[in-house]
Amino acid sequence: MFGINIIGTGSYTPKLTVTNDDMSKIVDTNDEWISTRTGIKLRCLNDGEATWYMGAKAAEKAIAAAGISPEDIGLIIDSTVTGDFYTPSCACVIQDHLGAVNAAAFDINAACSGFVYGLDTAKRFLQTDDGLKYVLVISNEILSRFVDYTDRSTCVLFGDGAGAVVVERSEKLYSSYLFSDGSGAKVLYAKKMFPQHPFRTSDAVDYGEDFTKEDQFLFQDGKEVYKFATKALPTASKAAADKIGLALNDIDWFVPHQANIRIIETAAKNLDIPMSRFIINLDKHGNTSSASMPVAFDEAVSDGRIKKGQKVCFVGFGAGLTMGAVIVEY
């Protein structure tokens with residue numbers, strides 16, 4: 001079996017912490033409503049850090065934990081929907097900051113599923129390039145870039161942060177499952193500015209009839225996203241496990257996308273897996289999109305919950321719509 005070995009983890013979250021009581025001062029909500037419906041108590045919000053900077057800080061920790069030099073890294077994959085530039089990629093800016101002079105670098109966008117997409121992409125590069133030794137996978141998000149802080153249904157959900165891992169090839173257990181449903185793109189999106197060149201003859205903006213929100217703030221159809229999410233987590237986990245004939249009960253830890261505690265509880269019930277085997281940190285971070293899985297993983301590795309040799313299932317869902325799971329032996 002061709003797999004990967006995670007040899008280093010790291011994370012970074014902004015120091016600015018916003019409580020539910022803080023949120024109640026700007027929108028009509030309260031701690032009880034947010035806590036009972038989402039499981040979120042706190043979220044860390046950007047206070048001047050760039051997306052690339054947060055990713056670089058998480059990457060520095062992962063590289064140090066791996067015990068390698070930045071020059072040893074042959075590829076950097078950055079998952080983000082909130083990059084600082086249209087171009088260059090976050091990965092390229094981070095490459096320069098780290099001094100990873102021998103690495104190719106590019107970004108991917110699979111929204112909240114981005115970490116599993118990035119991890120699986122890293123595995124496939126390692127599998128096909130004998131000269132590639134280490135891949136750095138980063139997920140970094142500043143969702144406060146496009147969250148509408150007058151919309152109480154969405155602004156309480158999201159936070160900012162970054163996580164990173166360094167991986168190498170190995171013969172360890174590995175399986176993955178990736179899936180997308182573009183027909184659901186309209187239920188979770190944020191528009192970019194429409195071209196404003198001086199030769200335009202029309203004021204019309206053609207994003208497609210399904211993308212009706214007029215501004216660039218995040219739009220979420222909560223009911224539709226919830227329906228998709230509660231199916232996506234168990235579907236992706238089972239599909240990845242079935243590929244290698246692995247029983248779900250043989251997985252030591254599930255590290256899900258940290259979106260909503262009710263979604264995770266429903267997934268656990270459908271999988272018949274106790275919540276005690278799910279790594280949860282959304283109470284302290286909120287939904288940090290693709291960063292949520294690697295941040296939660298780094299915290300669980302750092303505090304000793306996740307140990308070497310244990311089987312871990314990363315599983316997520318997000319805009320696109322996307323879903324995915326990666327099962328590894330840590």
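Okay, let's start in the middle: the largest nonpolar core here has 45 residues, and the ones with the most contacts inside it are Leu248, Ile251, Phe254, Phe278, Cys313, Phe317 and Ile327. Before I go on, keep in mind that this is a predicted model.

So who builds that core? At least two residues each come from helix H7 (222-243), helix H8 (261-271), strand S12 (311-318) and strand S13 (322-329). H7 gives the largest share, eight residues. There's also another core lying apart from this one, with 32 residues, including Ile4, Val135, Val312 and Phe314. As a general point, nonpolar side chains in soluble globular proteins tend to be buried together.

Leaving out residues up to four places away in sequence, Phe317 touches Cys112, Ser113, Phe228, Ala229, Ala232, Leu233, His257, Ala259, Ile263, Thr322 and Met323.

Now, the helix pair. How do H7 and H8 sit, going by their axes? The two axes come within 9 Å and cross at roughly 40°. That angle is why we call H7 and H8 oblique to each other. The crossing of H7 past H8 is right-handed. On the H7 side, the contact uses Tyr226, Ala229, Thr230, Leu233, Pro234, Ser237 and Lys238. H8 answers with Arg262, Ile263, Ile264, Thr266, Ala267, Asn270 and Leu271. Sort the residues of that contact by type and you get eight nonpolar, four polar and two charged.

Which peptide bonds are cis? One joins Thr87 and Pro88, with omega about 10°. Pro88 sits in the loop between strand S4 (73-79) and helix H4 (90-98). Another runs from Gly320 to Leu321, with omega near -10°, and Leu321 belongs to the loop between S12 and S13.

Ala111 has phi near 55°, and you'll find Ala111 in the loop between strand S5 (104-108) and helix H5 (114-128). Ser289 also has phi near 55°, in the loop between helix H9 (282-285) and helix H10 (292-302).

Are those two buried or exposed? The cut-off for buried is under 20% relative accessible area. Ala111 comes out at 8%, so Ala111 is buried. Ser289 is at 2%, so Ser289 counts as buried as well.

Terms used
Residues are numbered from 1 along each chain as its sequence is written. This is a predicted model: local features need pLDDT of at least 70, side-chain atom pairs count only at pLDDT 80 or more; totals for chains, interfaces and linings use all residues. Side-chain values use heavy atoms; hydrogens and water are left out. A nonpolar core is a set of buried Ala, Val, Leu, Ile, Met, Phe, Trp, Tyr and Cys residues joined through side-chain atoms within 4.5 Å. Buried means under 20% relative accessible area, exposed over 50%, partly exposed in between (1.4 Å probe, protein chains only). Helices (H or I, at least four residues) and strands (E, at least two) are DSSP runs, numbered from the N terminus. Contact means heavy atoms within 4.5 Å. Axes are lines fitted to C-alpha atoms, for helices over the stretch in contact, and angles run from 0 to 180 degrees between N-to-C directions. Angles under 35 degrees count as roughly parallel, over 145 as roughly antiparallel, 65 to 115 as roughly perpendicular and the rest as oblique. A crossing is left-handed if the near helix is turned anticlockwise from the far one by less than a right angle, and right-handed if clockwise. Ala, Val, Leu, Ile, Met, Phe, Trp, Tyr, Cys and Pro count as nonpolar, Asp, Glu, Lys and Arg as charged, and the others, Gly among them, as polar.
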